Amino acid sequence: METFLSRYSFSVKPQEALLILITMFWGGTFLAVQYAVTMSGPFFFVGLRFATAALAVALLSLKVLRGITWLEVKAGVAIGVSIALGYSLQTWGLQTISSSKSAFITAMYVPLVPLLQWLCLGRMPGLMSCIGILLAFTGLILLAGPGGDLLVPGEGELITLASAVAIAAEIILISAWAGKVDIRRVTIIQLATASLVAFFAMIPAGESVPPLSPALLGVGLGLGIFSAIIQVVMNWAQRSVSPTRATVIYTGEPVWAGIFGRIAGERLPLLALLGGVFIVLGVLVSELKFNKKKGVSE
C-alpha cells in the first residue's frame, strides 16, 4: 500500500527555491503599494509600475521583438487589459483596507478560475475545484466584513474581489493562447497595454498626475523592475516546476503579506484570520487532483 508520505517528495529544486523567494518578496509588495497610494492615485501608480516593467522586459528581449504577429498583438492586448483592471482595482482597494486583507482576497483568483470557466465556457469544475470554491468563499465571508461584520463587505473588499475576478480572467486568457505565441513578445505587449490602459483610465476617473516625489518614483520604478524580474524568473522556473507545485508555492503570497503586515502593525480580527486560512485552504484544495494508478492500493 502506497502511503501519502511515500507519494510526495519534500526536496526543493533550485527553481522552486527561487519561486519561494520571489513569493516572499511579492507578499511584501502589498505594503509598498499601500504606501504608494498615499502619494498617488491608483491608476497613475499602476501605469508607472507597468511602464517600467514593459521597458525592462523589452531591454532584456530586444532580439525577439522582431517578427511580432497579429495573434501576439491580440493576445497581449487582451491579457494587458485584464492585468490593468486587476492591479488598478487592487491598488484602489488598498486605499481603504489593510495589505493583509487585500492579499488574502486577491488569492481568491485561483478558485475563481474554474468558476469563470464554467460560467463563460461551460466547463464544469471538478469535485476538488468545487470544494475549493466553497472553502474560499466561506473564507471571504469571514474576512470581508469590515470590523468583523459578517455578510456586510465594505467598498474596499468588494473592489479587491473584483480585482481577483480580473486576475482570474487573465489566467484564462493566458491559457487560451499558451503554445500559440512567443511568451516574451506577448509579455512586453501585455505590460505596455496594462500601462496605457491605466494611464487612460485616469481621465474618466478624474485622477490627476501627482507630484513626482523621489519616494513615489522610487516605489513605482522599483516595483516595475521587480515585476519584470518576477516575470522572467517565473517563465524560467516553471519550465521544470509543475503547475500544481507552483500554485502551492504561490499560495504563500498572502501568508507572507500577512506576516509583513503584522510586522508593520496591522492586526486582523480572529474571524478575519480564520477567513484567510479558509481562502488558502480553498486555493490548495482547488489544485488537488486524484491520480488513480493501476495496481496501487489507495
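## Buried charges and antiparallel helices

Arg185 has a relative accessibility of 13%, so it counts as buried (under 20% relative accessible area, with exposed over 50% and partly exposed in between, using a 1.4 Å probe and protein chains only). The model is predicted: local features need pLDDT of at least 70, side-chain atom pairs count only at pLDDT 80 or more, and totals for chains, interfaces and linings use all residues. Residues are numbered from 1 along each chain as its sequence is written, and side-chain values use heavy atoms, with hydrogens and water left out.

**Salt bridges**

- The count comes to two salt bridges (a side-chain nitrogen of Lys or Arg within 4 Å of a carboxyl oxygen of Asp or Glu).
- Arg185 pairs up with Glu72, with 2.8 Å between the closest N and O atoms.
- Because Arg185 sits in helix α9 and Glu72 in helix α4 (residues 70-93), this pair ties together parts that are 113 residues apart in sequence; helices here are DSSP runs of H or I, at least four residues, numbered from the N terminus.
- Glu72 is also on the buried side of the cut-off, at 3% relative accessibility.
- Glu157 and Lys101 form a salt bridge as well, at 3.2 Å from N to O.
- Glu157 belongs to helix α8 (residues 155-177) and Lys101 to helix α5 (residues 99-106), so the link joins parts that are 56 residues apart in sequence.
- Both Glu157 and Lys101 are buried.

**α3 against α9**

- Helix α3 (residues 42-60) and helix α9 (residues 183-205) have axes that come within 8 Å and cross at roughly 160°; axes are lines fitted to C-alpha atoms over the stretch in contact, and angles run from 0 to 180 degrees between N-to-C directions.
- That makes α3 roughly antiparallel to α9 (an angle over 145 degrees).
- Residues making the contact (heavy atoms within 4.5 Å) include Phe43, Phe44 and Phe50 of α3, and Ile188, Leu191 and Phe199 of α9.
- By class, the contact of α3 with α9 has 19 nonpolar, three polar and no charged residues; Ala, Val, Leu, Ile, Met, Phe, Trp, Tyr, Cys and Pro count as nonpolar, Asp, Glu, Lys and Arg as charged, and the others, Gly among them, as polar.

**α4 against α8**

- The axes of α4 and α8 come within 7 Å, crossing at roughly 160°.
- α4 and α8 are therefore roughly antiparallel to each other.
- Their crossing is left-handed.
- The α4 contact with α8 involves 15 nonpolar, seven polar and two charged residues.

Conventions. Helix = DSSP H or I, 4+ residues; strand = E, 2+ residues; numbered from the N terminus. Parallel < 35°, antiparallel > 145°, perpendicular 65-115°, else oblique. Left-handed = near helix turned anticlockwise from the far one by under 90°.
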